[in-house]
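Please look at the sequence and the structure shown below.

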Amino acid sequence: MVRLFLVATAITALVLAAPSAGSRNALWHDCVRPNEQHGFARAADGTRIAFAEAGHGTGGIVFAHGARGDLCDFMWALRDPRLAGFRTLAFDYRGNGISDYPPYPRSIRYRQDAIAAVTQLRKDGARKVALLGLSRGGPAAIAAAAQLYPKRTQAAIAVASIDELVGDDASRAVHHSRVPLLVLVNEHDGLGLAPTNRAIYRASIARDKHLVLAPGQGHADVFRYPRVWNAFVAFLRRELG
C-alpha cells in the first residue's frame, strides 16, 4: 500500500507540474539559442505571439510557418549569413509552438499574428518589410502584406502557399492591392499546389510580380535551388533596398 501511495503521489506531482495549454508560453523553443533575440509580441486582440529575431539593417523579412510548424522552421534563415544585411523575424502563429492558444473565434485570427510580427520588426528598426508565408501560413501572411501596403509592408512572398484559410484569401488579397509579389513553388509540388500558386500570381495586379518554378517534387523546399535563392534575394534587394 505504501508503494502504491508513493507511485500515486509521484504521478500527481508530474501532472501538476506539466504545463497546460494556457501556460505553454512559459517555456521556450530549444531551437533558439540563449544569445539570440526572442520574446513575445501582442496581436491586436491581446494574443501573445512568440518570435525570434536576428540581423541588422533597415530592410526586414517576416517568416510565417506552415501547418504543424513553428518559428523553428525558419531559424536557418535567421542565421543565414546571406541575409545578414536584413532584419529577420520568425514567429509562431497562435495555436502553434509557444504562442497563446486562445479559444474560438480568436483561435483563427491568423492575420493579426502576421501584423503583430511586422509591427515588432518595425519597432526594432526595420523601415521596409517583406512578409513571407509558407504553405498553410501563406494566406494570412499575404493578406496582411496586402492590407498593410504601402505604408507598413513593401512586399509579399508566397512559398507553395495554399489559396484560402478562415477568411484570408491569397488571390483576392493580391487582386485588390499592388503589393509587389514573389511566388515560389516546385513545379511538381508534393501537395499539388503549383496550379494554386500560378493562380495567386495571375491574380496579382502588382507592377512588380514574379513567379519562379523550382524543378523539385517536394513541398515548399524551394530554397535549396540556387536559381530560386537568387531570385529571392534579388527581389528583397529591389523592394527593401
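In which loop is the place of Asp-189? Asp-189 lies in the loop between strand 9 (181–186) and helix 6 (194–203), where helices (H or I, at least four residues) and strands (E, at least two) are DSSP runs numbered from the N terminus. This is a predicted model, in which local features need pLDDT of at least 70 and side-chain atom pairs count only at pLDDT 80 or more, while totals for chains, interfaces and linings use all residues. Residues are numbered from 1 along each chain as its sequence is written, and side-chain values use heavy atoms, with hydrogens and water left out.

- Asp-189 is buried and yet has no salt bridge, and the nearest side chain of opposite charge, that of Arg-198, is 10 Å away.
- Here buried means under 20% relative accessible area (1.4 Å probe, protein chains only), and a salt bridge is a side-chain nitrogen of Lys or Arg within 4 Å of a carboxyl oxygen of Asp or Glu; Lys and Arg count as positive, Asp and Glu as negative, and His and the chain ends are not counted.

- The open sheet has 8 strands in the order 1-2-4-3-5-6-9-10, with mixed pairing, and two strands pair if DSSP finds at least two bridges between them.
- Strand 1 (37–42) and strand 10 (209–214) stand at the edges with a single partner strand each, so one side of each has no neighbour in the sheet.
- Strand 3 (residues 59–64) pairs with strand 5 (residues 128–134) in the parallel sense over 6 bridges, and Val-62 stands opposite Leu-131 in strand 5.

Methods. Buried means under 20% relative accessible area, exposed over 50%, partly exposed in between (1.4 Å probe, protein chains only).
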